[in-house]
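Keep the picture handy as you read.

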Amino acid sequence: MTSEELKKEILEKTAEYYRLVHQAKQKEPFVPGKSRVNYAGRVFDEREMQNLVDASLEFWLTYGHWSRQFEKGLAEYLGVRFALLVNSGSSANLLAFMTLTSPLLGERQVKRGDEVITVAAGFPTTIAPIVQYGAVPVFVDVELGTVNIDASQLEGAWSPKTKAVMLAHTLGNPFNIKAVKAFCEKRNLWLIEDNCDALGSKYDGKFTGTWGDIGTSSFYPPHHMTMGEGGAVYTDNPLLKKIALSIRDWGRDCWCESGVDNTCGCRFTKQFGSLPLGYDHKYVYSHFGYNLKATDLQAAIGCAQLEKFPSFVEARKRNFARLYEGLKDLPQIRLFEKYPESDPSWFGFLMTVKPDAGFTRNDLAKHLEAANIQTRNLFAGNIIRHPCFEMMRANVDYRIAGELTNTDTIMNSSLWIGLYPGMGESRLDYMVDTIRKFCLYGGES
């Protein structure tokens with residue numbers, strides 16, 4: 001048996017293992033009240049497993065041809081020029097923000113003490129890079145309906161120190177991109193779109209994540225597609241791509257692919273800083289960077305996921321519609337709203353318990369969890385009320401523009417349930433039935 005014949009047999013056995021183990025689990029019947037209704041989950045078949053095994057047999061392990069294939073496929077899907085694979089969505093946010101701190105950007109470089117407009121209602125790693133670098137997050141309130149930034153407050157948040165806006169599309173629901181982008185263009189500000197919860201969403205016919213200067217994605221298992229761990233940064237700007245590539249790959253000046261030498265053809269002939277003439281270009285560093293690359297093992301899974309991705313988006317839309325139709329008439333809860341221009345690839349189904357509901361968010365959450373329905377709050381709710389801010393208040397410089405009234409309402413009264421592509425109609429209908437009965441009985445189980 002040749003190595004290729006053996007490899008073929010291994011991949012066939014991998015597909016057989018998928019059918020015996022994973023596919024069998026997926027076909028287990030749903031039992032209301034006993035079967036767990038997770039808020040998210042992986043949707044995959046034998047192709048992801050075969051790609052993973054194929055990549056493991058190559059044993060390249062680090063960034064390689066699978067990673068390049070995935071970057072190319074993601075860029076083509078989004079319609080952008082450049083996509084860089086990284087090891088997580090949080091790293092993607094870190095890389096996107098740190099790209100804006102490069103001296104190569106001249107007067108537009110974000111420096112310590114400069115301000116970045118964002119919101120407190122979201123995930124911590126949208127904000128963490130700003131704080132960790134020493135820039136100043138400026139928090140603006142959100143709208144209760146869309147649970148996205150109240151764009152009418154942007155001008156009031158601006159100051160001569162403002163350099164950028166960094167915002168997430170909440171649970172796949174696009175923020176008011178038209179208003180935010182107009183503000184950024186008027187004030188000559190960078191716009192980073194945290195698209196980690198919104199891959200596949202569109203605004204005015206164009207994918208979210210591609211409107212701003214830089215977009216980011218996460219491929220953690222609960223997200224729209226998965227590699228286990230992984231993320232991406234994407235842009236149409238060649239200079240931003242150059243900077244991001246350098247910072248992702250240790251801060252080096254060299255742009256050679258992993259395992260390749262002397263792409264520039266002058267590896268030992270240039271002068272850099274006060275280094276000796278001809279110092280090896282592979283060890284010249286133009287930024288203080290990191291190693292944020294993912295591995296080919298992860299990328300191989302992502303390549304298979306990317307082929308399925310359009311179907312994932314459509315399933316999320318169908319599932320949201322089924323939940324919305326089943327719950328829209330309940331007076332006790334406020335459901336997600338979207339802009340007319342938006343076509344969301346929903347990440348979750350958000351509900352806000354109204355003040356006169358007769359029960360609280362926690363009452364509803366406990367009831368659903370007792371019914372084996374997994375729930376989640378809207379991440380941090382209000383990040384400035386968390387220990388990371390409270391315990392470091394003397395060392396964390398930030399500013400609040402106006403009041404965070406709606407942010408606090410969401411922190412206290414909102415939760416969300418799942419609608420991922422593998423959910424199935426029986427689980428969706430069970431969630432609708434459970435919530436309706438709870439609301440009907442005024443909070444009594």
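How many disulfides turn up in a search of the whole structure? The answer is zero, where a disulfide is a pair of cysteine sulfur atoms within 2.5 Å. Take Cys196: its closest cysteine sulfur is in Cys388, and at 18 Å that is too far for a bond. For Cys303, the closest cysteine sulfur belongs to Cys196, but the gap is 19 Å, so that is too far as well.

Cys196 has a relative accessible area of 10%, so it is buried, and Cys303 is buried too, at 6%. Here, buried means under 20% relative accessible area, exposed means over 50%, and partly exposed is in between (1.4 Å probe, protein chains only).

## Where the numbers come from

You're looking at a predicted model, in which local features need pLDDT of at least 70 and side-chain atom pairs count only at pLDDT 80 or more, while totals for chains, interfaces and linings use all residues. Residues are numbered from 1 along each chain as its sequence is written, and side-chain values use heavy atoms, with hydrogens and water left out.

## The sheet

Strands of a sheet pair through backbone hydrogen bonds, and they can run parallel or antiparallel. This model has an open sheet of eight strands with mixed pairing, in the order E1-E9-E8-E5-E4-E2-E3-E13. Strands (E, at least two residues) and helices (H or I, at least four) are DSSP runs, numbered from the N terminus. The edges are strand E1 (82-86) and strand E13 (399-400); each has a single partner strand, so one side of each has no neighbour in the sheet.

Zoom in on strand E5 (residues 190-194) and strand E8 (residues 214-218), which pair in the parallel sense over three bridges. Two strands count as paired if DSSP finds at least two bridges between them. Ile192, for example, has Ile214 in E8 as its bridge partner.

## A loop with buried residues

Phe347 sits in the loop between strand E11 (342-343) and E12, and Ser345 lies in the loop between E11 and E12 too. Phe347 is buried at 4% relative accessible area, and Ser345 is buried at 0%.

What does Phe347 touch, leaving aside neighbours within four places in sequence? Its contacts (heavy atoms within 4.5 Å) include Leu171, Pro222, Phe379 and Trp416. With such neighbours left aside again, Ser345 is in contact with residues including Asp197, Ala198, Ser201 and Val313. Phe347 and His169 are 178 residues apart in sequence, yet 10.0 Å apart in space, C-alpha to C-alpha.

## Helix H12

In helix H12 (residues 405-413), the buried residues are Thr407, Asp408, Ile410 and Ser413. They pack against strand E12 (349-353), helix H10 (361-370) and strand E14 (414-417).

## Empty spaces

Rolling a probe the size of a water molecule over the atoms shows where empty space is left. On a 1 Å grid over the protein atoms alone, a cavity is a set of points where a 1.4 Å probe fits but cannot get out; a pocket is an open set with protein on both sides within 12 Å along at least five of seven lines, and lining residues have an atom within 4 Å of a point. Grid points are joined across faces, edges and corners, and a volume is the space filled by probe spheres set on the points.

The largest pocket holds about 810 Å³ of space. It is lined by 28 residues, with Lys25, Gln26, Arg42, Tyr420 and Gly422 nearest its centre.
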